[in-house]
Each structure stands twice: as structure tokens, then as C-alpha cells.
Amino acid sequence: MKNIPVYALIAATALTGQACSSRQNAQADASVSPREQLRSLLADVAGSPQVMFGHHDDTAYGLTWRGDPGRSDVLEAVGDYPAVMSWDLGGIELGDSVNLDGVPFSRIRTEAIAQAARGGINTFSWHPRNFATGGDSWDTSDSLTVSHMMNDSTVNASYMRSLSAIAVFFNSLTDADGNDVAVIFRPWHEHTGGWFWWGTPNCTPEQYHWLWTSAREVMDAANVDNVLWAYSPDRVKSAEQYMERYPGDEMVDIVGTDVYHFNGAEGADTYRQDASRSLEIVDSIATARGKIPAFTETGLEGLSLPGWYTDDLMPLLRDARVAYVVVWRNAPDKPGHFYVPVLPEHGLDAFRSFYADSLTMFAKDIRNKNK
Ligand code: BMA
């Protein structure tokens with residue numbers, strides 16, 4: 001059992017509905033791959049009243065620091081690391097050594113492996129440049145971007161090289177014993193909005209589908225077998241809208257949604273309504289298709305409402321069926337761009353109550369679950 005990560009001890013009772021305990025399942029089958037162990041952990045938590053808490057770039061930097069070993073704004077606030085850490089691969093397509101937010105890919109690798117060693121989970125998004133224009137993910141100036149990626153051999157080759165670089169990165173995630181570290185990959189996110197070049201107004205459903213299949217084909221050809229794939233549109237109004245560009249059951253393991261809280265107190269009702277509607281849709285689709293539901297991104301930038309974690313987020317999580325929730329980053333170099341409180345006036349007390357509540361799971365809760 002030495003080589004089995006901590007979540008090996010949990011199996012997929014939620015998805016399979018099997019009667020024996022999850023611990024028995026995994027012990028009976030020591031050959032369960034790290035990816036299936038991760039799926040089992042996620043399914044297990046999704047089927048419970050609890051939710052794992054996640055934070056983007058948690059141990060890479062915080063509001064007032066960058067790169068300090070072992071540091072985390074979440075750890076400093078509540079004495080524990082988040083259960084889920086989110087990272088971004090943007091910049092890997094340029095061959096850069098640091099990502100678009102200045103985090104070295106070598107550091108992301110080390111931190112993701114450290115997070116897995118403490119029993120936690122890692123999820124990766126990708127904000128790639130615009131392959132046709134050389135602009136960033138938010139460059140929507142060329143509505144033929146995906147068409148160029150498909151049909152222009154030079155643009156296509158550069159995209160394929162980027163996918164290969166991602167495959168190399170995922171294949172490099174191994175623990176101290178040489179076992180795969182399984183992670184979540186969440187490409188082409190928030191496509192129901194119009195701000196990214198892969199968003200709904202900027203490419204056709206067929207082109208969006210091709211983005212998924214091409215990514216999947218390159219990963220499969222490179223034998224990447226430590227990845228669960230997450231589909232995460234921005235807020236949606238209906239299941240039809242959610243499914244409009246769904247790449248297919250064979251392509252997706254996790255269904256999620258990204259819904260942010262804008263406009264402070266004035267925006268609270270809209271946030272509650274939009275998030276609960278999107279999360280209900282996620283739940284119904286996860287149930288119908290045997291997928292894992294997740295709240296893949298949320299947050300209130302700058303925490304202008306100090307009670308946000310208990311007053312706004314917690315009620316949503318109590319009603320939703322999700323395995324995890326991720327809040328975005330505490331940027332040291334972008335004033336006001338933070339989502340986890342560091343100072344009391346931004347709601348440290350509420351965040352500590354959120355942590356102490358039996359609803360939420362942080363890193364130690366995953367470890368304790370297996371004792
Ligand atoms: C956005 C912002 C940007 C950042 C990007 C990728 O939401 O945080 O500053 O570059 O995510 O992390």
C-alpha cells in the first residue's frame with residue numbers, strides 16, 4: 001500500500017452506487033490508477049454534504065509576498081492549506097519558463113506535487129495566447145482565430161506544439177515514489193461568455209468542439225493518463241445553453257460553472273440567483289450523465305463585503321451538490337485583485353467561520369477522512 005496516495009482509500013460509491021464502503025473498495029483493488037482514485041475522491045465528496053475549498057495559485061504568491069516557500073494566505077488565515085489548488089498553464093505555449101502571472105512552471109510542478117503529498121487536489125486552467133494574432137486570451141479581434149488554428153499549417157503547428165508542451169508537463173507530475181500525480185485539466189473555460197477568443201461569439205460550436213478533440217487527441221497520443229477533464233462554462237440561464245457546446249461525455253469527467261459576484265451589496269441578489277441557477281443545472285447534468293459536479297470558479301474581488309464567505313458563498317454551497325469550489329488569486333501586483341482575506345477588514349472572521357464549519361473541507365480534512 002506504500003505507493004497508494006491517500007485518496008486511494010476512497011472509492012466511487014457516489015457514482016457507482018455500490019453498497020460496500022468506499023474504503024473497502026479501494027483496499028480490495030490496489031491497482032486503481034491515481035486518476036481513478038482522484039475521481040473516486042471527488043465523487044465521494046460530491047455525494048456527501050461537504051465541499052472542498054480551493055484557491056488559485058495558493059502557495060505561489062499572496063497579497064503581500066511572492067515565492068516564499070511554504071507560504072499561503074489561506075494557511076495564514078486559518079492554519080490549513082486549501083483542499084484544492086488551482087494553477088494556470090498560460091504561457092506554456094510560448095515556451096516561457098513562467099506563466100502569464102509570473103509563476104515559474106517548475107514551481108507550479110513542485111507545488112502541485114506537494115499539494116498531492118498532503119492529500120490535496122490540483123486543477124489546471126489554461127489562458128493561452130491567441131494563436132492567430134499573438135495577442136492574449138482576451139484578444140477577440142480575429143473571429144477566425146480557431147479557423148486559422150484548424151486550417152493554417154503554421155498556426156496549427158504552433159498550437160499542436162503547445163498541446164505537446166502541456167502533455168510533457170502533465171507527464172512530469174510524479175510523486176517521490178515515481179507514481180503519477182493525478183490532476184484536473186479545465187481547458188477552454190467560460191466559453192459561454194464573450195471575453196476569450198474561444199468564447200461563444202468568437203467561434204462556432206464545431207470550432208469549439210475541435211478545440212476539445214484536438215487537445216484530447218494530443219494528450220492521448222502522449223499517453224497522458226493522469227488527467228480528469230473539466231468543462232466549465234460561465235453562468236448559464238438554461239441546461240440547453242449549458243449543453244450547447246458540450247464536447248461529449250467521452251471527453252468530460254467534471255461538469256462545473258464559473259460564476260463571480262460583481263457589484264458588492266447591490267450585486268448580491270444577482271450573484272445568488274445566477275450562481276444557484278447555474279449550480280442546479282450543473283447538478284442535474286452531473287446526475288443525468290454520471291459526472292462530477294463542481295463550482296469551478298467564484299469569488300468577490302477585493303472582498304468589499306467582509307461577511308462574503310458566510311453570508312454569500314456558504315448558503316450557495318449548502319444548497320448545491322458540488323465536490324469543490326475554487327476562488328481566484330490574491331495578486332501581489334494588481335491592487336484590489338484578491339479573493340481570500342488577509343486583513344480583518346476584508347472578512348478574516350467570516351473566512352475563519354467558513355473554515356470551521358463542518359460544510360467545508362480543507363487539506364487536513366481530506367487527510368483525516370482517511371484515518
Ligand atoms: C484573471 C486575472 C488575470 C490573470 C488571469 C489568469 O482572472 O486574475 O490577472 O492573468 O486570471 O490567472
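Let's start in strand 8, where Asp258 is found; helices and strands here are DSSP runs numbered from the N terminus, with at least four residues (H or I) for a helix and at least two (E) for a strand. Before going further, keep in mind that this is a predicted model, in which local features need pLDDT of at least 70 and side-chain atom pairs count only at pLDDT 80 or more, while totals for chains, interfaces and linings use all residues. Residues are numbered from 1 along each chain as its sequence is written, and side-chain values use heavy atoms, with hydrogens and water left out.

Back to Asp258: it is buried, with a relative accessible area of 0%. Buried means under 20% relative accessible area, exposed means over 50%, and partly exposed is what lies in between, using a 1.4 Å probe and protein chains only. Asp258 and Ser278 are 20 residues apart along the chain, and their C-alpha atoms are separated by 8.7 Å. Thr257 also has its place in strand 8, and Thr257 counts as buried at 0% relative accessibility. A polar atom of the Thr257 side chain lies 3.3 Å from the backbone oxygen of Pro233.

Now follow the chain out of the strand. The loop between strand 8 (254-258) and helix 10 (268-289) holds His261. His261 is buried, at a relative accessible area of 2%. What does the side chain of His261 reach at 2.8 Å? The backbone oxygen of Gly264. There is also a polar contact of 2.9 Å joining the side chains of His261 and Trp308.

Asn263 sits in that loop between strand 8 and helix 10 as well, but Asn263 counts as exposed, at 62% relative accessibility. Its backbone deserves a look, too: phi of Asn263 is near 65°, a positive value in a residue other than glycine. For context, most residues other than glycine have a negative phi. Trp188 is another case, with a positive phi of about 55° although it is not a glycine. You'll find Trp188 in the loop between strand 6 (183-186) and helix 8 (205-221). Is Trp188 buried or exposed? Trp188 is buried, with a relative accessible area of 1%.

On to the ligand. It sits in the largest pocket. A pocket, on a 1 Å grid over the protein atoms alone, is an open set of points where a 1.4 Å probe fits, with protein on both sides within 12 Å along at least five of seven lines. A molecule sits in one if more than half of its atoms lie within 2 Å of its grid points. Which residues are around the ligand? They are His56, Leu100, Asp101, His127, Trp138, Trp328, Arg329, Lys334 and His337, where being near means having a heavy atom within 4 Å of the molecule. This shell divides into 3 nonpolar, 3 polar and 3 charged residues.

Some of these residues come with distances. A side-chain N or O atom of Asp101 is 2.5 Å from an oxygen atom of the ligand. For Lys334, the distance from a side-chain N or O atom to a ligand oxygen is 2.7 Å. His337 places a polar side-chain atom 2.5 Å from an oxygen atom of the ligand. On its own the ligand has 310 Å² of accessible area, and the protein covers 82% of that; such areas come from the Shrake-Rupley method with a 1.4 Å probe.

A few other stops round out the tour. Arg71 lies in the loop between strand 3 (65-66) and helix 4 (73-78) and counts as partly exposed at 26% relative accessibility. Arg71 and Ala60 are 11 residues apart in sequence and 7.8 Å apart in space, C-alpha to C-alpha. Asp80 and Tyr355 are 275 residues apart along the chain, yet their C-alpha atoms are separated by 9.0 Å. Finally, Ala165 has its place in helix 7 (residues 153-171) and is partly exposed at 27% relative accessibility. Between Ala165 and Asp44 there are 121 residues of sequence separation and 32 Å of space, C-alpha to C-alpha.

Definitions and conventions
Polar contact = N/O pair within 3.5 Å; in protein donor to acceptor, adjacent residues only side chain to side chain. 1 Å grid on protein atoms, 1.4 Å probe; cavity = no way out; pocket = protein on both sides within 12 Å on 5 of 7 lines; lining within 4 Å. Nonpolar A, V, L, I, M, F, W, Y, C, P; charged D, E, K, R; others polar.
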